[in-house]
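Open the structure in your viewer and keep the selection tool ready. We will go stop by stop, selecting and looking.

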Amino acid sequence: MLRRVYVISLLFIVASLYLSPFALFGKERDDKSYRYKNDAKFKSYLQTHHPHVQTENLSVLKAPVYNHRENATFLMLAQNHDIYSVLETLQVIQDRFNDKFNYDYTFLNDEPFSSDFIYLVSSYIPRGRVNFGIIPKKHWSYPSHINTTRCAEVRANFADIPYGDSESYRHMCRYYSGFFYKHEMVRQYQYYWRIEPDIKLYCDVDEDLFKTMRQKNKKYGFAIALFEYSETIPTLWPHVIKYIQERQLQPELLPMLTNAFNWYNLCHFWSNFEIANLDVFNDPQYENFFQYLDSVGGFYYERWGDAPVHTMAMMILLSKKDLYWFENIGYTHPPYVQCPQNPVAYVKNRCVCNPDEDITLNDKTSCNSHFLQFLQS
């Protein structure tokens, strides 16, 4: 009996050396993978199977991962011309966090990634799985009920607002609002950490943030909260209130987003940094909320961003206990910086940001203090 247990245990250990923990315990994968062996063979593979650009979704399996990980991935939307900004971001993420934890990366693009992009990005990530996914055209285009002529007129009138005249920005905001979690490269994970080209971590992160999310049973984590440009969302809040009233919902977090006049205070989680449990987005109520917003056309007839949409969805779906503020990350997405104010944490984590530039100290531009006061009340 003991011998049988020993043999089974040995087989389990051997299997774990060749499979990620998720192949044993995680969500089922639709695998289109290449197991990296060396640089020359990888180049040859790309030239043969993905000449110039990728021909299908692709996962590159780098060196095996032996440490325990949560079922989680970094998630980045990027295009081929972003390559050098992407590499800079990867270097910072690896140096400050992921060399310790070896989490997977998932890159999505509305066009196929070039073989050069795939090769360079894969070369920067030593362990784990690197996913390169193509966004389906139906998820990055106008829905059938949208009047594209009217959209062009709207963009011309929004030219003086950041991204106001951008068509691709609207596709991106709609995609991050209602489709990213449906991509086959993302569906296999439980958690994601959104990153973008040009972001930086200013401090060492020795804590496994995905593990923190699971152990504390948190569903949505943020670093920075800002005010939205009111010109970009004139009808978003009325539609959200209509949605709530028609369904007779009573969101616990509604006061977090209302001002003294019982109207939207313009606060939102800055979604270029968010760590979340994908169960939130896979919830049928989230899908129902997105479909309602999508049906009224505000992603294109105005300039609804994914940040206020995510924030309002979290307000409807979650409770105070589900939200988490990552206080000591040391994070920037230009032009804003979150820098630890605790001097002990600053030194311990080898931070290099200027604490006086921390956006969360400025109540004229940041909603952090308002959110935190509400969550702690």
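## Stop one: the largest pocket

The lining of the largest pocket splits by class into 21 nonpolar, 11 polar and 9 charged residues. Bear in mind that this is a predicted model.

Show the pocket as a surface if your viewer can. Its volume is about 1,100 Å³. Now select Tyr163, Tyr169, Met172, Glu196 and His333: of the 41 lining residues, these are the closest to the pocket centre.

Which elements each supply at least two residues of the lining? Colour β4 (104-109), α7 (167-178), β9 (225-227) and α14 (306-317) to see them. Which of the elements gives the most to this lining? It is α7, with 4 residues.

## Stop two: helix α12

Select residues 284-296. This is helix α12, and it has 13 residues. From first C-alpha to last, α12 reaches 19 Å, close to the 18 Å expected at 1.5 Å a residue.

Next, show side chains. Which residues of α12 are buried? Pick out Tyr286, Phe289, Phe290, Tyr292, Leu293 and Asp294.

Now look at what surrounds them.

Select residues 274-277, which form strand β11. Turn the view until the side chains separate. Glu274 and Ala276 point one way. Ile275 and Asn277 point the other way. Are these four buried or exposed? All are buried.

Strands β6 and β11 pair in the antiparallel sense over 4 bridges. Find Arg194: it stands opposite Glu274 in β11.

Click Gly221 to find its bridge partner in β11, Ile275.

## Stop four: a sheet of 3 strands

Select β7, β13 and β14 together. They form an open sheet in the order β7-β13-β14, with antiparallel pairing. Which are the edge strands? They are β7 (200-201) and β14 (336-338), each pairing on one side only.

Zoom in on β13, residues 331-333. It is joined to β14 by 3 bridges, and these strands run antiparallel. Look at Tyr331: its bridge partner in β14 is Gln338.

Finish on His333. This residue lies within the 331-333 run of β13, and it is one of the residues closest to the centre of the largest pocket.

Notes. Residues are numbered from 1 along each chain as its sequence is written. This is a predicted model: local features need pLDDT of at least 70, side-chain atom pairs count only at pLDDT 80 or more; totals for chains, interfaces and linings use all residues. Side-chain values use heavy atoms; hydrogens and water are left out. On a 1 Å grid over the protein atoms alone, a cavity is a set of points where a 1.4 Å probe fits but cannot get out, and a pocket is an open set with protein on both sides within 12 Å along at least five of seven lines; lining residues have an atom within 4 Å of a point. Grid points are joined across faces, edges and corners, and a volume is the space filled by probe spheres set on the points. Ala, Val, Leu, Ile, Met, Phe, Trp, Tyr, Cys and Pro count as nonpolar, Asp, Glu, Lys and Arg as charged, and the others, Gly among them, as polar. Two strands pair if DSSP finds at least two bridges between them. The expected span of a helix is 1.5 Å times one less than its number of residues. Buried means under 20% relative accessible area, exposed over 50%, partly exposed in between (1.4 Å probe, protein chains only).
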